[in-house]
Amino acid sequence: MDKVNILGVWVDKVNIGEAADKIFKMLDENRPHMIFTPNSEILMVAYKDLKFREILNRADMLTADGIGVVYASKILKNPIKERAAGFDITCKVLEKVAESGHKVFFFGGKEGVGKKAKENLEQKYPFIQIVGTRNGYFKPEEEPEIIREINESGADLVLVCLGAPAQEKWIARNIDSLHAKVFMGVGGSLDVLAGTAERAPEFWCNHGIEWLYRLLKQPSRIGRMMALPKFALTVLFKGRRFPQEKAEG
């Protein structure tokens with residue numbers, strides 16, 4: 001797949017439909033896959049943290065979850081076609097697995113969020129197979145039990161919603177012990193599926209200003225939003241130092 005190197009992270013130049021189609025095909029491959037959806041904040045963390053950057057670059061696919069990532073690719077003259085948010089990709093993939101018979105596991109969120117998301121999706125897709133849910137609050141010593149629970153469920157697809165960078169690190173750390181075929185780190189998607197969090201209206205998403213809608217709803221996010229101009233300046237002044245042609249091997 002065609003990629004763009006944004007501050008050392010190789011992001012795939014795919015749209016929502018292309019990403020969902022590729023993930024769906026991965027479900028029938030005989031190995032585990034890691035899918036991450038970095039936004040500007042996550043790419044800034046990776047820029048400063050080599051180990052986290054390496055985790056992202058080990059993924060089978062990285063999609064641009066944020067209009068800032070799309071703008072960064074344009075600054076670097078290697079443009080991504082459109083934003084491919086984790087929630088939108090998740091919805092497309094769940095729509096496909098509802099018809100295919102692949103099994104799904106939800107891992108993350110507060111107690112009860114996964115079960116509510118399961119109920120909502122079962123109403124929408126009567127034949128979807130959601131074979132387990134587990135909240136995202138656990139101690140390190142509980143990890144083996146969580147892995148066993150996921151493996152025994154027979155899940156093909158696991159949505160890991162622990163927030164970044166915890167979800168990416170958890171998947172990378174445990175991938176060799178897990179039996180499912182696809183692990184997606186998709187942050188707050190589970191809360192939206194459960195109805196406990198609200199997504200920005202379609203107008204705001206389509207115009208790339210979902211971040212502004214969130215800020216208007218939660219002014220306390222202003223500190224986090226300051227990462228956006230910092231990211232833009234870093235890409236502008238340092239982004240061209242990174243190669244746009246990926247070396248083989």
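In which hand does α2 pass α3 in their crossing? The close-up of this helix pair below gives the reply. The model is predicted.

**View 1. Helices α2 and α3 cross with their axes within 5 Å.** Helix α2 covers residues 40–48, and helix α3 covers residues 50–57. Their axes cross at roughly 120 degrees. Angles from 65 to 115 degrees count as roughly perpendicular and those over 145 as roughly antiparallel. The pair therefore counts as oblique. The crossing of α2 past α3 is left-handed. On the α2 side, the contact is made by Ile42, Val45, Ala46, Tyr47 and Lys48. On the α3 side, Leu50, Phe52, Arg53 and Leu56 take part. By class, this contact holds seven nonpolar residues, two charged ones and no polar ones.

**View 2. Helices α4 and α13 come within 10 Å, axis to axis.** Helix α4 runs over residues 67–75, and helix α13 over residues 227–238. The crossing angle is roughly 15 degrees. Angles under 35 degrees count as roughly parallel. So α4 is roughly parallel to α13. Here α4 passes α13 in a right-handed crossing. From α4, the contact takes in Gly68, Val69, Ala72 and Ile75. From α13, it takes in Phe231, Val235 and Leu236. Six of these residues are nonpolar, one is polar and none is charged.

**View 3. Six strands form an open sheet with parallel pairing.** The strand order is β4-β3-β8-β7-β5-β6. Which strands lie at the edges? They are β4 (61–62) and β6 (129–134), and each pairs on one side only. Inside the order, β5 (residues 103–108) pairs with β7 (residues 157–161) in the parallel sense. Five bridges join β5 and β7. One of the residues in bridges is Phe105, whose partner in β7 is Val158. Helix α7 (residues 143–153) lies across β5, β6 and β7. Helix α7 runs at about 160 degrees to β5.

**View 4. Strands β1 and β2 form a hairpin with two residues between the strands.** The two strands pair in the antiparallel sense over four bridges. Ile6 has Val9 of β2 as its bridge partner. Along β1, Lys3 and Asn5 point one way, while Val4 and Ile6 point the other way. All four residues are buried. Leu7 lies in the loop between β1 (3–6) and β2 (9–12). Most residues other than glycine have a negative phi. Is Leu7 buried or exposed? Leu7 has a relative accessible area of 0%, so it counts as buried.

**View 5. Lys77 has a positive phi in the loop between α4 and α5.** The phi value is about 60 degrees, and Lys77 is not a glycine. The relative accessibility of Lys77 is 68%. The cut-off for exposed is over 50%. Lys77 therefore counts as exposed.

**View 6. The peptide bond from Ala164 to Pro165 is cis.** Most peptide bonds are trans. Where does Pro165 lie? Pro165 sits in the loop between β7 and α8 (166–174).

**View 7. Ser189 lies in helix α9.** Helix α9 spans residues 189–194. Which residues does Ser189 touch beyond four places away in sequence? The contacts are with Gly86, Phe87 and Thr90. Ser189 has a relative accessible area of 4%, which means that it is buried.

**View 8. Glu99 is placed in helix α5.** Helix α5 spans residues 86–100. Glu99 has a relative accessible area of 72%, so it counts as exposed. In sequence, Glu99 and Leu236 are 137 residues apart. In space, their C-alpha atoms are 44 Å apart. Leu236 is one of the α13 residues in the contact with α4.

Definitions and conventions. Residues numbered from 1 in each chain as written. Predicted model: local features only at pLDDT ≥ 70, side-chain atom pairs only at ≥ 80, totals over all residues. Heavy atoms only, no water. Pairing = 2+ DSSP bridges. Contact = heavy atoms within 4.5 Å. Axes fitted to C-alpha atoms, helices over the stretch in contact; angles between N-to-C directions. Left-handed = near helix turned anticlockwise from the far one by under 90°. Nonpolar A, V, L, I, M, F, W, Y, C, P; charged D, E, K, R; others polar. Buried < 20%, exposed > 50% of the residue type's maximum accessible area, 1.4 Å probe, protein only.
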